Amino acid sequence: MKDNFEKKRAGAFVLWGILVASAVTGALLSVSNMNFGDKVGASAAASPVHREYTLVAEDAELEIAPGEVVKPWTFNGTMPGPTLRFTEGDNVTIHFINKTPLIHTVHFHGNHDEKNDGVLPQIIPAENYTYNFIADPAGAFMYHCHAYPTSLHIRMGMYGSIIVDPKDSEVLKPAKEFALVLSEFDPDNQDNFVAKYYPVNGYIDQYMGENALKIKQNELVRLYVINIGTTIPYSFHLHSTVFKVYASGLPSNDPIDAQTIEIGPGNAAIVEAVWKSPGTYMFHSHGFLEERGNMGAVRVLSDGSGEQLSESVSMIDWQYELQKELQKPTVIDYDNLSGSASAQSHSSSAHGGTTVKIVKGAWDKNQRDYYEPAEITVEEGAVINWINEDGVVHTVTSKQQGLFDSSIIAAGQEWQYQFAEEGEYDYYCIVHPWMEGIVHVE
């Protein structure tokens, strides 16, 4: 599995050219100039405005633990991507650009119509799409890729948090605010039910030691806690305090008192807490997760005045800068693949040769048969036609670096390749890497 992820990057042919025509480019915001962690607290009354963001699907190399460099799929080069923050009622425009060899989307939790749900259309390499919706309702949400298999795209790093502040400034009290995105990552096999790492905001144990979350004694703290994991609920726990929880991250729900709160995959919680005594206190998810990176600390500083905040203070920008400092991300640039075999290979005009079918339901890894036949023997110089009879996109990608790659084959389309030399050729689908086949050339 891991080898597949490594090899697909070198072997993938990207339909790359000019990403955005000059007329469109002028409309897109510069990613480098975006301020994703607005210091707009829940107590700051604001009229609805138009907010515009750019999210870019990018493969990257980054550190997830000391000395552990991985190659995730990301939004804007980090895992998680930047926090998007709106006020309830804002008109939101998200420009999405896909700069990777795979199909991706952006799915947003919350209220919106089908056109902006981020399932369809699937955005192919080098294409872009604009989402537009009214931010509603107030709460803590998430965005993530919804290309199939969705769980793989999420585990590989394509997710981020959304905060929608209530339009009524009295709904939430002034607080010091942090965002905590709970996730899982296994560099050896993303199908492992028990992952190797359970990071918070993309890096294991990053809020320990000098990077502990710093607050004042008796100061109200608000944590926007997101579970973007794909397997189990996180039992989120704060040491030495009983806290308030808005279930599912929605201020419209009445808060409850909790010592630990269960947050299922795809769900969230708004946690509000006060520590009466100075000191350093742990936060984590109960269970083996806390031993695999899901551990942090809150450092409560002595404050004799007991003065309360008059408006909320967001620490989310600081968190994102710390995340980038630890991850040291390097975006993988696929511009050098421009001009390689591409769209013409998708046509259904192949003549003669041997046919291999990508069978119906091949996307399902629980299905035993993906290709018909899965293993084939041909003579030197033979042409093989792959026909996609499944309902979703696939690729035919050589496991031998850079040898052949169909790029995206849509449902009902086909692709052909001539094998000029004898040998054994293993191939797979980079979208569904458990699909594997073999060609023997005699």
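Lys 216 has Leu 301 as its bridge partner in E19. The model described here is predicted. Four bridges join E11 to strand E19 (residues 295-301), and the two strands run parallel. Side chains alternate along E11. Leu 213 and Ile 215 point to one face and are buried.

The protein contains four helices and 29 strands. Of its 442 residues, 55% count as buried. The accessible surface comes to about 18100 Å². Carbon and sulfur atoms account for 49% of that surface. Among contacts with a separation of 6 or more, 73% are between residues 24 or more positions apart.

Strand E28 (residues 423-428) and strand E29 (residues 436-441) run antiparallel and are joined by six bridges. Within this pair, Gly 423 stands opposite Val 441 in E29.

Nonpolar packing was considered next. In soluble globular proteins, nonpolar side chains tend to be buried together. The largest nonpolar core has 56 residues. Those with the most contacts inside this core are Leu 84, Phe 86, Ile 94, Phe 108, Tyr 371, Trp 386 and Val 439. A second, separate core has 33 residues, including Tyr 198, Val 200, Val 298 and Leu 322. Phe 86, of the largest core, has a contact list that excludes neighbours within four places in sequence.

Tyr 417 lies in strand E27 (residues 414-418). Its relative accessibility is 23%, so Tyr 417 counts as partly exposed. Leaving out residues up to four places away in sequence, Tyr 417 touches Ala 382, Val 383, Ile 384, Trp 386, Leu 403 and Phe 404. One of these, Trp 386, is also listed among the residues with the most contacts inside the largest core. Gly 381 is 36 residues from Tyr 417 in sequence, and their C-alpha atoms are 9.8 Å apart.

Charged pairs form a further set of links. A search of the whole structure finds 14 salt bridges. One of them joins Arg 155 to Glu 184, with the closest N and O atoms 3.0 Å apart. This pair links distant parts of the chain. Arg 155 sits in helix H3 (residues 150-155), and Glu 184 sits in the loop between E10 and E11, 29 residues apart. Both Arg 155 and Glu 184 are buried.

Glu 219 and Lys 176 also meet through their side chains in a salt bridge, at 3.8 Å from N to O. Glu 219 lies in the loop between E11 and strand E12 (221-227), and Lys 176 lies in strand E10, so the pair ties together parts that are 43 residues apart in sequence. Glu 219 has 8% relative accessibility and therefore counts as buried. Lys 176 is buried too, with a relative accessible area of 14%.

Another salt bridge pairs Asp 191 with Lys 365, and the closest N and O atoms are 3.0 Å apart. The partners are 174 residues apart. Asp 191 is in the loop between E10 and E11, while Lys 365 is in the loop between strand E22 (354-358) and strand E23 (371-372). Asp 191 is partly exposed, with a relative accessible area of 38%. Lys 365, at 40% relative accessibility, also counts as partly exposed. Elsewhere, Arg 85, Asp 165, Glu 177, Arg 222 and Glu 272 are linked in a network of salt bridges.

At 36% relative accessibility, Val 194 counts as partly exposed. Val 194 forms a nonpolar surface patch with Phe 193 and Phe 288. Together, the three residues have about 270 Å² of accessible area.

Definitions and conventions
Residues are numbered from 1 along each chain as its sequence is written. This is a predicted model: local features need pLDDT of at least 70, side-chain atom pairs count only at pLDDT 80 or more; totals for chains, interfaces and linings use all residues. Side-chain values use heavy atoms; hydrogens and water are left out. Patches are made of residues with over 30% relative accessible area and no salt bridge: like charges are joined within 9 Å, nonpolar side chains (Val, Leu, Ile, Met, Phe, Trp, Tyr) within 5 Å. Accessible areas come from the Shrake-Rupley method with a 1.4 Å probe; for residues, only the protein chains shown count as cover. A salt bridge is a side-chain nitrogen of Lys or Arg within 4 Å of a carboxyl oxygen of Asp or Glu. Buried means under 20% relative accessible area, exposed over 50%, partly exposed in between (1.4 Å probe, protein chains only). Contact means heavy atoms within 4.5 Å. Two strands pair if DSSP finds at least two bridges between them. A nonpolar core is a set of buried Ala, Val, Leu, Ile, Met, Phe, Trp, Tyr and Cys residues joined through side-chain atoms within 4.5 Å.
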